[in-house]
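Hi,

Here is the structure I said I would pass on.

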Amino acid sequence: MGATNWRARTKRELIIEAWEDLDCESVGARELEQIQQALGEKFGAGALESPAAIARTVADEGAVLRHPEVSDCDLKWRKRNVGDLRFQQGLDFAGLSTAFASMVKLEEKRLELQMQPQTNEDTKGRTELRNIVMRARKDSLLRARSKIIDGDQREQAKEISQWLIVWLQAPELFSDWLDLRRRSPEFRKRFPED
């Protein structure tokens with residue numbers, strides 16, 4: 001990558017600027033890693049995006065993705081950065097019914113961690129759980145803005161992202177809030193099949 005003096009002011013702008021700097025039409029593992037490196041240089045390690053999120057951004061701008069490479073790169077990155085993959089693999093936030101089941105699992109895991117004595121390992125578990133929810137929310141927001149998926153799926157993604165933000169802000173109130181939310185007339189009107 002030639003440019004290290006990035007003009008971008010947001011992560012999205014930097015992803016696009018770094019991709020354009022690479023001067024390539026197709027994007028695979030090498031390009032995704034270089035874009036991640038640019039994000040880290042400009043915004044710090046906490047600003048890193050998953051390879052899949054970067055791929056979605058550049059695809060929206062016209063990049064051709066080398067899908068097997070993108071998938072492999074994303075899987076390897078998640079193994080290094082996500083933490084407890086066994087727990088995360090049981091979660092699915094793609095639709096309302098699977099998201100509800102996943103929220104139940106999240107709550108069970110949160111309560112399990114809460115009941116354990118405070119140790120460094122438990123603190124790490126709570127942090128990992130919170131990180132899983134933040135990534136799920138980010139993915140839901142991306143789906144909600146996607147022009148590729150249909151309107152019903154985008155509406156569900158918006159709703160799911162709302163569930164996740166409430167869980168992040170007040171996990172101890174979340175179960176009661178979700179129960180009330182799903183019973184509300186507005187929810188029933190928007191999502192009659194749920």
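A charge counts as sitting over a ring if NZ of Lys or CZ of Arg is within 6 Å of the ring centre and within 35 degrees of the ring normal. Please keep in mind that this is a predicted model. With that rule in hand, one case to look up is Arg182, which lies over the face of Phe100 at 3.9 Å from the ring centre.

Next, the aromatic rings. A search of the whole structure turns up 3 aromatic pairs. In one of them, the rings of Phe187 and Phe191 have centres 5.1 Å apart and planes at 50°, so this pair is tilted; stacked would need under 30 degrees, and edge-to-face over 60. Phe187 is buried, with a relative accessible area of 1%, and Phe191 is buried too, at 4%. Ring pairs also bring in Trp163, linking it with Phe187 and Phe191 into a cluster.

Now for the helix α1, residues 11–22. How far apart are its end C-alpha atoms? They are 16 Å apart, which agrees with the 16 Å that 12 residues should span at 1.5 Å a residue. Which residues of α1 are buried? Leu14, Ile15, Ile16, Glu17, Ala18, Trp19 and Leu22 are. As for their partners, the buried residues of α1 pack against β1 (26–27), and also against α2 (29–43) and α3 (51–60).

Cheers

Key
Residues numbered from 1 in each chain as written. Predicted model: local features only at pLDDT ≥ 70, side-chain atom pairs only at ≥ 80, totals over all residues. Heavy atoms only, no water. Helix = DSSP H or I, 4+ residues; strand = E, 2+ residues; numbered from the N terminus. Expected span 1.5 Å × (residues − 1). Buried < 20%, exposed > 50% of the residue type's maximum accessible area, 1.4 Å probe, protein only. Contact = heavy atoms within 4.5 Å. Phe/Tyr/Trp six-rings, centres within 6.5 Å; stacked < 30°, edge-to-face > 60°.
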